[in-house]
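Hi everyone, thanks for coming.

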Amino acid sequence: AFREIRMSDVGSPYIHETGSRLRRMFEEAKANAPTLIFLDEIDSLASNREGHDAAVYRVEEVNELLTLVDQCSEGGILVIGACNSIARLDSAMLRPGRFDRKIFVGPPDEAARRALFELFLNARPHASNIDVGAFAASTEGYSNADIEEVVKKAALLAANEDAPMIAKRHLEMAV
């Protein structure tokens, strides 16, 4: 089984509710074991408890997550987390037995950016003479989400002009 957990799935303005929601999700994962839990933006779930904004309820939420992660191996659960800022994570999350391996995934290279442009453009009407290789070359440092947004903006520009499809100039303006 696979379960993705985001802060938006469990976060609550009510004290103790976030911890309760996390616990329920981990209990569901255990009931459906073996389960892979993917904690997206784990830095928002397990931010440093010693920071200047570490309210008591946030400390309790991180403590709850640590307890749940510690019990995973007994319950047939593997936990993987992704974050944009590993420095924001609570140091206890990175101790051996919790998140032992850290893998840096950088921005896509030119070949990947080309494939992303092709993927996102294929889902929309576009001119056949668009040189996706040129756009891939000119967007170094762009993420998957950035490229998707460029194509979405280009589509909106085309729609605002009542154009039947995305043209090269729409992509250029969007970039």
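I'll talk about the cores, then the cysteines, then the pockets.

First, some housekeeping. This is a predicted model, so local features need pLDDT of at least 70 and side-chain atom pairs count only at pLDDT 80 or more, while totals for chains, interfaces and linings use all residues. Residues are numbered from 1 along each chain as its sequence is written, and side-chain values use heavy atoms, with hydrogens and water left out.

Now the cores. By nonpolar core I mean a set of buried Ala, Val, Leu, Ile, Met, Phe, Trp, Tyr and Cys residues joined through side-chain atoms within 4.5 Å. Buried is under 20% relative accessible area, exposed is over 50%, and partly exposed is in between, with a 1.4 Å probe and protein chains only. The largest core has 23 residues, and I5, F26 and L65 are among those with the most contacts inside it. Two or more residues come from each of helix 2 (17–31), strand 2 (35–40), helix 3 (42–45), helix 4 (56–70) and strand 3 (77–82). Helix 4 gives the most, with five residues. Those elements are DSSP runs numbered from the N terminus: helices are H or I with at least four residues, strands E with at least two. A second, separate core of 17 residues includes A127 and I166.

What about disulfides, meaning cysteine sulfur pairs within 2.5 Å? A search of the whole structure finds zero. The sulfur of C83 is 17 Å from the closest cysteine sulfur, in C72, so that is too far for a bond. C72 is buried, at 4% relative accessible area, whereas C83 is partly exposed, at 29%.

On to pockets. On a 1 Å grid over the protein atoms alone, a pocket is an open set of points where a 1.4 Å probe fits, with protein on both sides within 12 Å along at least five of seven lines; lining residues have an atom within 4 Å of a point. Volume is the space filled by probe spheres set on the points. The largest pocket holds about 900 Å³. Of its 28 lining residues, the closest to the centre are I80, G81, A82, F99 and R101. Strand 3 supplies the largest share of that lining, six residues.

The second largest pocket has a volume of about 160 Å³.

Notes. A disulfide is a pair of cysteine sulfur atoms within 2.5 Å.
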